[in-house]
Amino acid sequence: MIDYYLKKHSVVNHKLIDKIAPEVMAMLLHYHWPGNVRELKNVVERLVVLADDSVITAQYLPLVIKNFNQKQGDNKITANFETLTRLEEAVIEAERRTIINVLTLTGNNKAKAAKMLRIPRSTLYYKLQKLNIAYDGQIHIDDLTT
């Protein structure tokens with residue numbers, strides 16, 4: 001979703017932003033997103049608007065995200081990013097977190113979640129099984145660590 005909004009807002013704002021610094025991506029992936037998709041969309045738009053270069057750097061991150069990540073410890077963020085070294089792993093983790101966030105936002109209504117994700121409901125069920133997400137309105141530790 002970060003990549004999608006990055007491309008969308010780059011086009012809208014007539015900017016060529018093609019990269020997010022690894023430490024910024026780690027901070028975005030680690031943040032808990034209490035505002036869910038809407039907050040993510042707004043943050044990415046802000047990053048695009050404020051960016052002076054083709055790379056998004058940490059200087060443009062909102063303080064709430066910087067502070068959250070500081071509280072969690074810089075070493076933990078770096079360690080988490082290092083475990084996502086391959087693109088495939090990063091995509092899977094982003095997909096898991098996105099699905100969990102959308103299910104939270106929709107109150108576990110899978111039809112609404114599928115519509116919000118713009119995928120068929122059958123695809124959502126497939127992804128829930130494939131990504132081992134057992135969602136009943138609560139986020140389980142297993143959902144975030146596997």
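This is a predicted model: local features need pLDDT of at least 70, side-chain atom pairs count only at pLDDT 80 or more; totals for chains, interfaces and linings use all residues.
Guide: Residues are numbered from 1 along each chain as its sequence is written, and side-chain values use heavy atoms, leaving out hydrogens and water.

Visitor: Why does His 9 count as buried?

Guide: Buried means under 20% relative accessible area, exposed over 50%, and partly exposed in between, with a 1.4 Å probe and protein chains only. His 9 has 5% relative accessibility, so His 9 counts as buried. His 9 lies in helix 1; helices are DSSP runs of H or I with at least four residues, strands are runs of E with at least two, and both are numbered from the N terminus. Not counting residues up to four places away in sequence, His 9 touches Lys 41, Glu 45 and Val 48, where contact means heavy atoms within 4.5 Å.

Visitor: What makes Leu 16 exposed?

Guide: The relative accessible area of Leu 16 is 68%, therefore Leu 16 is exposed. Leu 16 sits in the loop between helix 1 and strand 1 (19-20). Its C-alpha atom is separated by 5.8 Å from that of Ser 54, 38 residues apart along the chain.

Visitor: How do you know that the span of helix 6 agrees with its 19 residues?

Guide: The expected span is 1.5 Å times one less than the number of residues. For helix 6 this gives 27 Å, and the end C-alpha atoms are 27 Å apart, so the two agree. Helix 6 is followed by Gly 107, with a positive phi near 65°.

Visitor: Why is helix 7 called roughly perpendicular to helix 8?

Guide: Axes are lines fitted to C-alpha atoms, for helices over the stretch in contact, and angles run from 0 to 180 degrees between N-to-C directions. Angles under 35 degrees count as roughly parallel, over 145 as roughly antiparallel, 65 to 115 as roughly perpendicular and the rest as oblique. Helix 7 and helix 8 pack at about 100°, with axes 9 Å apart, so helix 7 is roughly perpendicular to helix 8. Residues making the contact include Ala 111 and Leu 117 of helix 7 and Leu 124 and Tyr 125 of helix 8.

Visitor: What makes a set of residues a nonpolar core?

Guide: The residues are buried Ala, Val, Leu, Ile, Met, Phe, Trp, Tyr and Cys, joined through side-chain atoms within 4.5 Å. The largest such core here has 34 residues, and Leu 28 and Ile 56 have the most contacts inside it. Helix 3 gives the largest share of this core, 6 residues.
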